[in-house]
Amino acid sequence: MGIKGLSQLIADVAPSAIKENEIKNYFGRKIALDASMCLYQFLIAVRAEGAQLTSIDGETTSHLMGTFYRTIRMLENGIKPVYVFDGKPPEMKSGELAKRTEKREEAQKALEKATEAGDAAEMDKFNRRLVRVTKQHNAEAKELLTLMGVPYVDAPCEAEAQCAALAKAGKVYATATEDMDALTFGTNILLRHLTFSEARKMPVQEFFYDKILQELEFTKEQFVDLCILLGCDYCESIRGIGPKRAIELVSQHKCIEEILKNIDKSKYIVPEDWNYEQARELFHTPDVADPNTIDIKWTDPDEEGLVKYLCGDRQFNEDRIRAGCKKIQKTRTTSTQGRLDSFFKVLPSTPTNNKRKSDANKKEPAGKKAKTGGKTPRRGPK
């Protein structure tokens with residue numbers, strides 16, 4: 001789920017913190033991707049485009065097709081992707097996971113009714129709700145990435161938290177996921193829609209963490225409290241407090257403790273034994289591997305290994321797989337022009353310098369100002 005309504009809220013109150021971009025403009029960038037989110041997208045996208053792809057044994061292979069071709073697309077645009085896989089979910093997330101299981105059971109019943117009625121639209125809708133990324137999907141994707149020469153990281157807990165840790169440590173430029181809680185974990189930049197299919201023509205949405213804090217005039221701690229009030233995976237939210245009211249309350253009272261002291265509890269229903277403090281702690285100090293101990297390397301693809309893995313029982317076309325391998329190899333051997341910001345850092349002008357310029361302009365006579373704006377006078381002979 002991420003953080004309920006956060007993307008729309010940022011668009012409403014801090015629009016300058018969002019930028020739309022094209023995938024080609026991330027050339028030379030290392031980007032950490034939330035692997036489970038990517039696999040879910042691939043499973044959904046292929047289902048939407050037609051029949052689900054399967055092996056001879058009837059096992060789904062859509063996630064492998066998506067991983068193979070969308071990764072190649074990123075590589076061809078000069079992006080260096082690092083996939084990050086979820087580890088064991090925190091105990092506090094058990095309530096949210098239980099809700100998701102319950103919703104899947106309801107969707108299964110609804111699907112059976114729609115199937116009996118022959119309602120294709122309803123069947124498609126509930127089929128989507130039943131899509132789930134399994135351990136097998138993850139294991140198969142990891143094997144595929146290894147054969148492609150693309151690195152992956154196993155997070156001890158939440159993938160978004162590990163992605164954010166890599167970004168904060170400067171190991172990657174940004175975190176790519178559709179879940180907004182990557183910002184709550186403090187990633188400096190969040191990219192949405194990066195792995196969408198080219199056919200959808202969706203620009204990449206870029207969210208800048210520092211600009212969000214600046215626009216809201218919040219500290220990191222206040223931003224985390226805002227996200228908890230909006231609704232996160234780790235605890236319930238206060239019934240009756242919507243996004244705009246949440247911002248007002250954090251702006252006025254600065255933290256959840258003070259909000260609880262000042263709100264009308266007959267109007268705003270606080271959950272019993274509300275564990276917001278533990279949720280806050282999970283966002284501030286998540287269980288992540290030390291980014292400095294993670295060695296990220298891209299290697300040459302194993303063409304024969306990929307053909308053996310994807311063709312045959314998995315029924316991928318050998319010519320297309322070999323063509324894809326050639327594309328990956330080309331991205332390895334073709335030198336990519338370095339980004340300007342990798343050579344130097346642009347420093348903002350200081351307020352002192354601006355003040356000096358302003359003072360100098362005030363002291364300068366009006367006639368002299370006009371003169372400098374025109375043609376340079378011709379010099380006479382020495």
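**View 1. Helix α15 and its cover.** The elements that cover the buried residues of α15 include α3, α6 and α14; contact here means heavy atoms within 4.5 Å. Helices (H or I, at least four residues) and strands (E, at least two) are DSSP runs, numbered from the N terminus. This is a predicted model, in which local features need pLDDT of at least 70 and side-chain atom pairs count only at pLDDT 80 or more, while totals for chains, interfaces and linings use all residues. Residues are numbered from 1 along each chain as its sequence is written, and side-chain values use heavy atoms, with hydrogens and water left out. Ile321, Gly324, Cys325 and Ile328 are the buried residues of α15 (buried, under 20% relative accessible area; exposed, over 50%; partly exposed, in between; 1.4 Å probe, protein chains only). Because they cover an arc of only 105° around the axis, these residues are on the same side of α15; the arc is that of the directions from the helix axis to the C-beta atoms. Asp319, Arg320, Lys330 and Thr333 are exposed on the other side of α15.

**View 2. Helix α14 and its surroundings.** In α14 (residues 303-310), Gly305, Leu306, Val307, Tyr309 and Leu310 are buried. The buried residues of this helix pack against α3 (62-76), α6 (135-148) and α15 (318-333).

View 3. Glutamate 303 and lysine 326 meet through their side chains in a salt bridge (3.1 Å, N to O), defined as a side-chain nitrogen of Lys or Arg within 4 Å of a carboxyl oxygen of Asp or Glu. The pair links distant parts of the chain, with glutamate 303 in helix α14 and lysine 326 in helix α15, 23 residues apart. Lysine 326 is partly exposed, with a relative accessible area of 49%. A network of salt bridges links Glu303, Glu304, Glu318, Arg322 and Lys326.

**View 4. Arginine 314 and helix α6.** A salt bridge (3.8 Å, N to O) joins the side chains of arginine 314 and glutamate 140. This pair links distant parts of the chain: arginine 314 is in the loop between α14 and α15, and glutamate 140 is in helix α6, 174 residues apart. Glutamate 140 is buried, with a relative accessible area of 11%, whereas arginine 314 is partly exposed at 22%. Lysine 142 also lies in helix α6 and is buried, with a relative accessible area of 19%.
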